[in-house]
Amino acid sequence: MMRGPKNLVAASALALLVVCGCRDRQPEDDAHRGSAGAGRAARIAVVEGEYTARALPSEAGTTRSCHRRVGACLDEAGIPWGALSDSAVEGGKLAGFDTAVFPYNARLSDREVAEIRSFVASGGKLLWFYTLDRRLAALLGLTVGELRKPAYDGQFSRLGFPAGGPAGLPASVLQDSWHALDVAPAKGTEVIGHWRDAGGRDTGLPAATLNANGVWFAHVLLSGDLSAKSQMLLALLGHFTPSLWETAVESAVSRACRVSTITTLDELRARLTETKDEAPNYPEALRELRAAETVRDEAVQLGRETRYREALGKARGVRQHALAAYEFGQPSRTSEFRGVWIHTAYGVSNWGWERSIRVLAENGFNAVLPNMCWAGKADYYSRVLPVTAKARERGDQLAECTKWARRYGVEVHVWKVCYDLSTAPNSFVTELRRQGRLQKGRNGRELSQKWLCPSNTANIELERDSLLEVVRKYKVAGVHLDY
(Lines give C-alpha, C1' and ligand atoms only; values in the text may rest on other atoms or scores of the structure.)
Protein backbone atom coordinates (compact mmCIF):
# COMPACT_ATOMS: atom_id res chain seq x y z
CA MET A 1 0.00 0.00 0.00
CA MET A 2 1.55 3.30 -1.09
CA ARG A 3 1.50 6.06 1.53
CA GLY A 4 1.15 9.66 0.33
CA PRO A 5 4.20 11.90 0.71
CA LYS A 6 2.29 15.02 1.69
CA ASN A 7 2.02 14.25 5.37
CA LEU A 8 0.37 17.49 6.46
CA VAL A 9 -2.50 15.90 8.37
CA ALA A 10 -0.63 14.62 11.41
CA ALA A 11 1.53 17.75 11.46
CA SER A 12 -1.55 19.98 11.64
CA ALA A 13 -2.87 17.94 14.53
CA LEU A 14 0.44 18.27 16.36
CA ALA A 15 0.58 22.00 15.74
CA LEU A 16 -2.90 22.44 17.15
CA LEU A 17 -1.71 21.07 20.47
CA VAL A 18 -0.17 24.47 21.14
CA VAL A 19 -2.40 26.01 23.77
CA CYS A 20 -2.44 29.73 24.55
CA GLY A 21 -5.19 29.91 27.15
CA CYS A 22 -5.83 30.95 30.69
CA ARG A 23 -4.07 28.95 33.36
CA ASP A 24 -6.27 27.51 36.06
CA ARG A 25 -5.42 30.10 38.68
CA GLN A 26 -6.87 30.32 42.16
CA PRO A 27 -7.32 33.83 43.60
CA GLU A 28 -4.33 34.67 45.74
CA ASP A 29 -3.42 37.40 48.17
CA ASP A 30 -0.49 38.77 46.21
CA ALA A 31 -0.56 37.88 42.53
CA HIS A 32 1.93 39.94 40.53
CA ARG A 33 2.32 37.39 37.79
CA GLY A 34 0.66 36.88 34.47
CA SER A 35 0.84 34.16 31.89
CA ALA A 36 1.70 36.32 28.93
CA GLY A 37 4.26 38.82 30.11
CA ALA A 38 7.35 36.93 31.20
CA GLY A 39 9.60 39.16 33.24
CA ARG A 40 6.95 41.86 33.62
CA ALA A 41 4.88 42.70 36.68
CA ALA A 42 1.14 42.32 36.22
CA ARG A 43 -0.54 45.71 35.94
CA ILE A 44 -4.07 44.29 35.79
CA ALA A 45 -5.87 42.64 38.73
CA VAL A 46 -8.81 40.30 38.07
CA VAL A 47 -10.97 39.94 41.19
CA GLU A 48 -12.97 36.74 41.62
CA GLY A 49 -16.32 37.18 43.34
CA GLU A 50 -15.49 35.34 46.55
CA TYR A 51 -18.33 36.85 48.57
CA THR A 52 -20.79 36.43 45.72
CA ALA A 53 -20.07 32.69 45.72
CA ARG A 54 -20.56 32.53 49.50
CA ALA A 55 -23.80 34.52 49.55
CA LEU A 56 -25.22 32.81 46.47
CA PRO A 57 -23.91 29.20 46.40
CA SER A 58 -25.72 28.54 43.14
CA GLU A 59 -23.60 31.29 41.55
CA ALA A 60 -20.23 29.85 42.63
CA GLY A 61 -19.66 28.22 39.25
CA THR A 62 -20.61 31.43 37.45
CA THR A 63 -18.12 33.53 39.41
CA ARG A 64 -15.32 31.08 38.61
CA SER A 65 -16.19 30.80 34.92
CA CYS A 66 -16.48 34.59 34.51
CA HIS A 67 -13.09 35.06 36.20
CA ARG A 68 -11.43 32.43 34.01
CA ARG A 69 -13.05 33.78 30.86
CA VAL A 70 -11.66 37.25 31.43
CA GLY A 71 -8.28 35.73 32.26
CA ALA A 72 -8.31 33.72 29.03
CA CYS A 73 -9.00 36.88 27.02
CA LEU A 74 -6.16 38.72 28.73
CA ASP A 75 -3.82 35.79 28.07
CA GLU A 76 -4.85 35.79 24.42
CA ALA A 77 -4.17 39.53 24.25
CA GLY A 78 -0.74 39.07 25.84
CA ILE A 79 -1.57 41.13 28.93
CA PRO A 80 0.00 40.04 32.26
CA TRP A 81 -2.56 39.91 35.05
CA GLY A 82 -2.83 38.97 38.68
CA ALA A 83 -5.64 37.02 40.35
CA LEU A 84 -7.13 38.47 43.52
CA SER A 85 -10.04 37.59 45.79
CA ASP A 86 -12.51 39.93 47.47
CA SER A 87 -10.74 39.43 50.80
CA ALA A 88 -7.39 40.30 49.17
CA VAL A 89 -8.92 43.57 47.98
CA GLU A 90 -10.11 44.22 51.55
CA GLY A 91 -6.50 43.75 52.63
CA GLY A 92 -5.28 46.53 50.32
CA LYS A 93 -3.79 44.26 47.65
CA LEU A 94 -4.98 46.47 44.77
CA ALA A 95 -2.03 48.75 45.47
CA GLY A 96 0.49 48.52 42.63
CA PHE A 97 -2.08 47.61 39.96
CA ASP A 98 -3.22 50.03 37.26
CA THR A 99 -6.68 48.57 36.66
CA ALA A 100 -8.96 46.23 38.61
CA VAL A 101 -11.32 44.01 36.62
CA PHE A 102 -14.48 42.72 38.30
CA PRO A 103 -15.92 39.92 36.08
CA TYR A 104 -18.92 39.05 38.29
CA ASN A 105 -18.95 40.55 41.79
CA ALA A 106 -22.51 40.88 43.06
CA ARG A 107 -21.66 41.02 46.78
CA LEU A 108 -19.10 43.40 48.31
CA SER A 109 -18.36 44.14 51.96
CA ASP A 110 -18.21 47.70 53.28
CA ARG A 111 -14.44 47.27 53.68
CA GLU A 112 -14.01 46.19 50.06
CA VAL A 113 -16.10 49.12 48.82
CA ALA A 114 -13.88 51.47 50.82
CA GLU A 115 -10.70 49.92 49.38
CA ILE A 116 -12.04 50.22 45.82
CA ARG A 117 -12.85 53.89 46.40
CA SER A 118 -9.34 54.44 47.76
CA PHE A 119 -7.87 52.62 44.74
CA VAL A 120 -9.74 54.91 42.33
CA ALA A 121 -8.86 58.01 44.35
CA SER A 122 -5.17 57.13 43.95
CA GLY A 123 -5.53 56.90 40.16
CA GLY A 124 -6.58 53.27 39.70
CA LYS A 125 -9.12 52.36 37.02
CA LEU A 126 -12.05 49.94 37.06
CA LEU A 127 -13.33 47.57 34.40
CA TRP A 128 -16.64 46.32 35.74
CA PHE A 129 -18.97 43.73 34.28
CA TYR A 130 -22.69 43.69 34.97
CA THR A 131 -23.59 43.82 38.69
CA LEU A 132 -22.37 47.26 39.72
CA ASP A 133 -22.68 47.87 43.45
CA ARG A 134 -24.86 50.95 43.89
CA ARG A 135 -22.34 52.32 46.42
CA LEU A 136 -19.77 52.44 43.59
CA ALA A 137 -22.01 53.52 40.72
CA ALA A 138 -21.08 57.17 41.08
CA LEU A 139 -17.40 56.33 40.47
CA LEU A 140 -18.32 55.21 36.96
CA GLY A 141 -20.86 58.01 36.50
CA LEU A 142 -23.90 55.76 36.42
CA THR A 143 -27.32 55.45 37.97
CA VAL A 144 -28.16 51.76 38.11
CA GLY A 145 -31.59 50.83 36.77
CA GLU A 146 -33.48 47.57 36.45
CA LEU A 147 -32.62 44.30 34.77
CA ARG A 148 -33.84 44.48 31.19
CA LYS A 149 -35.17 41.38 29.44
CA PRO A 150 -34.94 41.27 25.63
CA ALA A 151 -38.04 42.52 23.84
CA TYR A 152 -37.41 39.94 21.10
CA ASP A 153 -35.07 37.03 20.43
CA GLY A 154 -31.51 38.08 19.69
CA GLN A 155 -31.89 41.69 20.87
CA PHE A 156 -28.70 41.46 22.95
CA SER A 157 -26.72 39.48 20.39
CA ARG A 158 -23.60 41.64 20.08
CA LEU A 159 -21.70 44.50 21.65
CA GLY A 160 -21.39 47.15 18.96
CA PHE A 161 -18.65 49.80 19.11
CA PRO A 162 -19.10 52.73 16.71
CA ALA A 163 -16.16 54.85 15.61
CA GLY A 164 -14.91 57.46 18.04
CA GLY A 165 -14.30 55.28 21.08
CA PRO A 166 -10.96 54.07 22.45
CA ALA A 167 -8.51 53.18 19.68
CA GLY A 168 -8.36 49.54 18.63
CA LEU A 169 -11.88 48.46 19.59
CA PRO A 170 -13.42 45.86 17.26
CA ALA A 171 -16.56 46.91 15.41
CA SER A 172 -18.61 44.34 17.32
CA VAL A 173 -18.24 41.41 19.70
CA LEU A 174 -20.48 38.36 19.96
CA GLN A 175 -22.34 38.00 23.27
CA ASP A 176 -25.81 36.38 22.89
CA SER A 177 -26.83 37.74 26.30
CA TRP A 178 -30.23 36.80 27.70
CA HIS A 179 -30.65 40.01 29.71
CA ALA A 180 -28.74 43.18 30.54
CA LEU A 181 -28.57 45.74 33.30
CA ASP A 182 -29.99 49.15 32.46
CA VAL A 183 -28.16 52.32 33.54
CA ALA A 184 -28.42 56.07 33.09
CA PRO A 185 -25.04 57.73 32.43
CA ALA A 186 -24.29 61.04 34.13
CA LYS A 187 -22.43 63.97 32.63
CA GLY A 188 -18.86 62.97 31.87
CA THR A 189 -19.75 59.33 31.20
CA GLU A 190 -19.93 58.28 27.57
CA VAL A 191 -21.81 55.35 26.07
CA ILE A 192 -19.12 53.73 23.90
CA GLY A 193 -21.04 50.57 22.99
CA HIS A 194 -24.65 49.72 22.17
CA TRP A 195 -26.42 46.40 21.97
CA ARG A 196 -26.88 45.09 18.45
CA ASP A 197 -29.41 42.42 17.64
CA ALA A 198 -28.91 39.22 15.67
CA GLY A 199 -29.64 41.11 12.45
CA GLY A 200 -26.85 43.61 13.14
CA ARG A 201 -29.21 46.49 13.98
CA ASP A 202 -28.23 49.00 16.68
CA THR A 203 -30.88 48.84 19.42
CA GLY A 204 -29.83 52.14 20.99
CA LEU A 205 -29.52 50.46 24.40
CA PRO A 206 -26.26 51.07 26.31
CA ALA A 207 -23.96 48.04 26.47
CA ALA A 208 -20.69 49.70 27.58
CA THR A 209 -19.83 53.06 29.15
CA LEU A 210 -16.59 54.93 29.77
CA ASN A 211 -15.53 57.73 32.06
CA ALA A 212 -12.27 58.89 33.63
CA ASN A 213 -12.45 56.15 36.27
CA GLY A 214 -13.14 53.17 34.07
CA VAL A 215 -15.46 51.08 31.94
CA TRP A 216 -18.74 49.33 32.71
CA PHE A 217 -20.49 46.54 30.74
CA ALA A 218 -24.20 45.71 30.88
CA HIS A 219 -23.62 41.95 31.22
CA VAL A 220 -20.92 39.46 32.13
CA LEU A 221 -18.43 38.45 29.47
CA LEU A 222 -19.78 35.29 27.83
CA SER A 223 -17.93 32.58 25.92
CA GLY A 224 -17.17 32.62 22.20
CA ASP A 225 -15.49 35.16 19.89
CA LEU A 226 -12.32 35.01 22.01
CA SER A 227 -10.19 36.92 19.52
CA ALA A 228 -12.57 39.90 19.33
CA LYS A 229 -13.04 39.97 23.11
CA SER A 230 -9.28 39.92 23.64
CA GLN A 231 -8.93 42.81 21.22
CA MET A 232 -11.70 44.66 23.07
CA LEU A 233 -10.05 44.25 26.48
CA LEU A 234 -6.66 45.28 25.12
CA ALA A 235 -8.16 48.44 23.59
CA LEU A 236 -9.93 49.40 26.82
CA LEU A 237 -7.05 48.60 29.15
CA GLY A 238 -4.55 50.16 26.76
CA HIS A 239 -6.70 53.31 26.75
CA PHE A 240 -5.82 53.76 30.43
CA THR A 241 -2.35 52.14 30.38
CA PRO A 242 -0.81 52.71 26.90
CA SER A 243 2.31 50.68 27.74
CA LEU A 244 0.12 47.54 27.63
CA TRP A 245 0.12 47.84 23.85
CA GLU A 246 3.89 47.41 23.80
CA THR A 247 3.61 44.43 26.16
CA ALA A 248 0.92 42.86 23.96
CA VAL A 249 3.04 43.23 20.83
CA GLU A 250 6.10 41.66 22.47
CA SER A 251 3.99 38.77 23.70
CA ALA A 252 2.21 38.31 20.37
CA VAL A 253 5.48 38.15 18.43
CA SER A 254 6.98 35.72 20.93
CA ARG A 255 3.91 33.43 20.97
CA ALA A 256 3.58 33.53 17.19
CA CYS A 257 6.91 31.68 16.93
CA ARG A 258 5.82 28.81 19.19
CA VAL A 259 4.79 25.58 17.47
CA SER A 260 4.42 22.34 19.40
CA THR A 261 7.54 22.15 21.61
CA ILE A 262 9.40 24.73 19.52
CA THR A 263 9.59 28.22 21.06
CA THR A 264 11.57 30.31 18.55
CA LEU A 265 12.05 30.53 14.81
CA ASP A 266 15.73 29.65 15.30
CA GLU A 267 14.65 26.39 16.95
CA LEU A 268 12.24 25.78 14.08
CA ARG A 269 15.04 26.29 11.54
CA ALA A 270 17.23 23.80 13.44
CA ARG A 271 14.40 21.23 13.49
CA LEU A 272 13.78 21.61 9.76
CA THR A 273 17.50 21.14 9.09
CA GLU A 274 17.51 17.91 11.11
CA THR A 275 14.61 16.38 9.15
CA LYS A 276 15.11 17.87 5.68
CA ASP A 277 16.32 14.58 4.12
CA GLU A 278 13.14 12.83 5.27
CA ALA A 279 10.71 15.67 4.52
CA PRO A 280 9.55 15.69 0.88
CA ASN A 281 8.18 19.23 1.30
CA TYR A 282 11.35 20.75 2.80
CA PRO A 283 11.66 23.50 0.13
CA GLU A 284 8.14 24.70 0.94
CA ALA A 285 8.95 24.55 4.67
CA LEU A 286 12.04 26.69 4.18
CA ARG A 287 10.10 29.23 2.12
CA GLU A 288 7.46 29.56 4.84
CA LEU A 289 10.13 29.89 7.54
CA ARG A 290 11.83 32.73 5.67
CA ALA A 291 8.45 34.44 5.31
CA ALA A 292 7.84 34.04 9.07
CA GLU A 293 11.23 35.62 9.84
CA THR A 294 10.55 38.53 7.49
CA VAL A 295 7.12 39.25 8.95
CA ARG A 296 8.47 38.89 12.50
CA ASP A 297 11.10 41.55 11.82
CA GLU A 298 8.42 43.82 10.35
CA ALA A 299 6.23 43.34 13.45
CA VAL A 300 9.13 44.17 15.77
CA GLN A 301 9.93 47.33 13.79
CA LEU A 302 6.30 48.46 13.83
CA GLY A 303 6.29 47.98 17.60
CA ARG A 304 9.39 50.17 17.94
CA GLU A 305 7.55 52.83 15.94
CA THR A 306 4.58 52.52 18.37
CA ARG A 307 2.35 51.35 15.52
CA TYR A 308 1.00 48.69 17.81
CA ARG A 309 -2.19 47.63 16.06
CA GLU A 310 -0.31 47.13 12.79
CA ALA A 311 2.34 45.16 14.68
CA LEU A 312 -0.32 42.84 16.15
CA GLY A 313 -1.67 42.18 12.67
CA LYS A 314 1.83 41.27 11.50
CA ALA A 315 2.25 38.92 14.47
CA ARG A 316 -0.76 36.95 13.28
CA GLY A 317 1.01 36.56 9.94
CA VAL A 318 4.11 35.22 11.69
CA ARG A 319 1.95 32.56 13.29
CA GLN A 320 0.47 31.44 9.98
CA HIS A 321 3.85 31.12 8.29
CA ALA A 322 5.45 29.35 11.27
CA LEU A 323 2.67 26.77 11.39
CA ALA A 324 2.96 26.19 7.64
CA ALA A 325 6.73 25.73 7.92
CA TYR A 326 6.28 23.20 10.70
CA GLU A 327 3.68 21.27 8.72
CA PHE A 328 5.67 21.19 5.50
CA GLY A 329 8.76 20.11 7.41
CA GLN A 330 7.26 16.85 8.72
CA PRO A 331 8.83 13.60 7.49
CA SER A 332 6.54 11.27 5.58
CA ARG A 333 5.82 8.19 7.68
CA THR A 334 5.40 5.15 5.49
CA SER A 335 3.19 3.18 7.89
CA GLU A 336 0.89 5.95 9.11
CA PHE A 337 -2.85 5.40 8.81
CA ARG A 338 -4.60 8.62 7.77
CA GLY A 339 -8.27 7.89 7.33
CA VAL A 340 -11.54 9.80 6.99
CA TRP A 341 -15.00 8.61 8.01
CA ILE A 342 -17.46 9.42 5.26
CA HIS A 343 -21.02 9.39 6.57
CA THR A 344 -22.73 8.50 3.32
CA ALA A 345 -22.18 5.73 0.82
CA TYR A 346 -21.94 8.26 -2.01
CA GLY A 347 -18.77 10.18 -1.18
CA VAL A 348 -18.53 13.83 -0.23
CA SER A 349 -21.83 15.58 -0.99
CA ASN A 350 -22.17 16.39 -4.70
CA TRP A 351 -18.67 15.11 -5.45
CA GLY A 352 -19.10 11.42 -6.16
CA TRP A 353 -16.40 8.86 -5.44
CA GLU A 354 -13.83 9.81 -8.06
CA ARG A 355 -13.42 13.39 -6.85
CA SER A 356 -13.77 12.45 -3.17
CA ILE A 357 -10.97 9.89 -3.31
CA ARG A 358 -8.74 12.00 -5.54
CA VAL A 359 -8.92 15.11 -3.34
CA LEU A 360 -8.28 13.11 -0.17
CA ALA A 361 -5.29 11.37 -1.74
CA GLU A 362 -3.88 14.70 -2.95
CA ASN A 363 -4.03 15.97 0.63
CA GLY A 364 -2.18 13.07 2.22
CA PHE A 365 -5.02 10.76 3.27
CA ASN A 366 -4.58 7.09 2.55
CA ALA A 367 -7.78 5.49 3.81
CA VAL A 368 -11.55 6.05 3.75
CA LEU A 369 -14.22 4.52 5.97
CA PRO A 370 -17.45 4.87 3.98
CA ASN A 371 -20.80 4.18 5.68
CA MET A 372 -21.97 1.46 3.27
CA CYS A 373 -23.66 -1.16 5.41
CA TRP A 374 -26.31 -1.21 8.17
CA ALA A 375 -28.18 -4.03 9.86
CA GLY A 376 -31.03 -3.65 7.42
CA LYS A 377 -29.71 -1.96 4.29
CA ALA A 378 -26.84 -1.94 1.82
CA ASP A 379 -25.78 0.68 -0.71
CA TYR A 380 -24.14 -1.99 -2.86
CA TYR A 381 -25.51 -5.04 -4.68
CA SER A 382 -26.03 -7.33 -1.70
CA ARG A 383 -27.61 -10.78 -1.64
CA VAL A 384 -27.80 -10.68 2.16
CA LEU A 385 -29.27 -7.24 3.01
CA PRO A 386 -31.96 -5.11 1.35
CA VAL A 387 -30.41 -2.90 -1.33
CA THR A 388 -31.48 0.76 -1.13
CA ALA A 389 -33.55 2.29 -3.92
CA LYS A 390 -30.86 4.95 -4.33
CA ALA A 391 -28.18 2.31 -4.96
CA ARG A 392 -30.41 0.50 -7.47
CA GLU A 393 -30.78 3.81 -9.27
CA ARG A 394 -27.18 5.09 -9.04
CA GLY A 395 -25.29 1.81 -9.04
CA ASP A 396 -23.18 -0.29 -6.68
CA GLN A 397 -21.48 2.33 -4.48
CA LEU A 398 -18.96 -0.01 -2.88
CA ALA A 399 -17.80 -1.12 -6.31
CA GLU A 400 -17.52 2.53 -7.36
CA CYS A 401 -15.64 3.51 -4.19
CA THR A 402 -13.12 0.64 -4.39
CA LYS A 403 -12.52 1.29 -8.10
CA TRP A 404 -11.33 4.84 -7.50
CA ALA A 405 -9.56 3.91 -4.29
CA ARG A 406 -7.39 1.45 -6.24
CA ARG A 407 -6.72 4.13 -8.84
CA TYR A 408 -5.42 6.63 -6.25
CA GLY A 409 -3.79 4.22 -3.80
CA VAL A 410 -6.29 4.62 -0.96
CA GLU A 411 -7.52 1.85 1.35
CA VAL A 412 -11.23 1.20 1.84
CA HIS A 413 -12.45 0.09 5.27
CA VAL A 414 -16.21 -0.48 5.07
CA TRP A 415 -18.12 1.18 7.90
CA LYS A 416 -20.77 -1.25 9.13
CA VAL A 417 -23.50 -0.08 11.54
CA CYS A 418 -24.36 -3.22 13.51
CA TYR A 419 -27.83 -4.25 14.78
CA ASP A 420 -29.42 -0.85 14.08
CA LEU A 421 -32.57 -1.17 11.93
CA SER A 422 -33.48 2.54 11.83
CA THR A 423 -32.66 2.71 8.09
CA ALA A 424 -34.18 -0.67 7.16
CA PRO A 425 -37.26 -0.85 4.90
CA ASN A 426 -40.57 -1.50 6.70
CA SER A 427 -41.09 -4.80 4.90
CA PHE A 428 -37.77 -6.13 6.21
CA VAL A 429 -38.55 -5.03 9.78
CA THR A 430 -42.04 -6.56 9.57
CA GLU A 431 -40.62 -9.94 8.56
CA LEU A 432 -38.05 -9.82 11.39
CA ARG A 433 -40.84 -9.01 13.82
CA ARG A 434 -42.84 -11.99 12.58
CA GLN A 435 -39.80 -14.17 13.29
CA GLY A 436 -39.37 -12.72 16.80
CA ARG A 437 -35.95 -11.26 15.99
CA LEU A 438 -36.39 -7.65 17.22
CA GLN A 439 -34.89 -6.32 20.43
CA LYS A 440 -37.21 -6.06 23.45
CA GLY A 441 -36.83 -4.20 26.71
CA ARG A 442 -36.96 -5.69 30.18
CA ASN A 443 -40.73 -5.19 30.21
CA GLY A 444 -41.01 -7.61 27.28
CA ARG A 445 -42.14 -4.93 24.81
CA GLU A 446 -40.40 -4.10 21.56
CA LEU A 447 -38.14 -1.03 21.76
CA SER A 448 -39.38 2.13 20.06
CA GLN A 449 -36.13 2.29 18.06
CA LYS A 450 -35.82 -0.90 16.06
CA TRP A 451 -32.79 -3.13 16.71
CA LEU A 452 -31.85 -6.70 15.93
CA CYS A 453 -31.85 -8.75 19.12
CA PRO A 454 -28.12 -9.46 19.62
CA SER A 455 -28.70 -12.80 21.36
CA ASN A 456 -30.74 -14.22 18.49
CA THR A 457 -28.65 -16.77 16.54
CA ALA A 458 -30.23 -15.85 13.21
CA ASN A 459 -29.32 -12.19 13.77
CA ILE A 460 -25.73 -13.06 14.63
CA GLU A 461 -25.53 -15.02 11.39
CA LEU A 462 -27.05 -12.13 9.44
CA GLU A 463 -24.44 -9.71 10.77
CA ARG A 464 -21.64 -12.21 10.09
CA ASP A 465 -22.84 -13.04 6.57
CA SER A 466 -23.20 -9.39 5.58
CA LEU A 467 -19.56 -8.80 6.56
CA LEU A 468 -18.31 -11.93 4.82
CA GLU A 469 -20.11 -10.86 1.65
CA VAL A 470 -18.33 -7.49 1.72
CA VAL A 471 -14.81 -8.86 2.21
CA ARG A 472 -15.26 -11.74 -0.30
CA LYS A 473 -16.92 -9.76 -3.08
CA TYR A 474 -15.04 -6.45 -2.89
CA LYS A 475 -11.37 -5.49 -2.63
CA VAL A 476 -11.49 -3.82 0.75
CA ALA A 477 -8.69 -3.45 3.29
CA GLY A 478 -10.90 -3.98 6.32
CA VAL A 479 -14.21 -3.39 8.06
CA HIS A 480 -15.07 -0.85 10.75
CA LEU A 481 -17.76 -1.99 13.23
CA ASP A 482 -20.10 0.60 14.76
CA TYR A 483 -22.25 -0.26 17.81
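S260 lies in the loop between α7 (243–256) and α8 (265–275), where helices (H or I, at least four residues) and strands (E, at least two) are DSSP runs numbered from the N terminus. This is a predicted model, in which local features need pLDDT of at least 70 and side-chain atom pairs count only at pLDDT 80 or more, while totals for chains, interfaces and linings use all residues. Residues are numbered from 1 along each chain as its sequence is written, and side-chain values use heavy atoms, with hydrogens and water left out.

**Backbone angles**

- Most residues other than glycine have a negative phi.
- S260, a residue other than glycine, has a positive phi near 55°, and S260 is partly exposed, with a relative accessible area of 31% (buried means under 20%, exposed over 50%, partly exposed in between, with a 1.4 Å probe and protein chains only).
- Y483, found in the segment after β15 (478–482), is not a glycine either, yet has a positive phi of about 60°, and Y483 is exposed at a relative accessible area of 64%.

- Leaving aside residues up to four places away in sequence, F217 is in contact (heavy atoms within 4.5 Å) with L127, W128, F129, Y130, L159, F161, A207, A208, M232 and L236.
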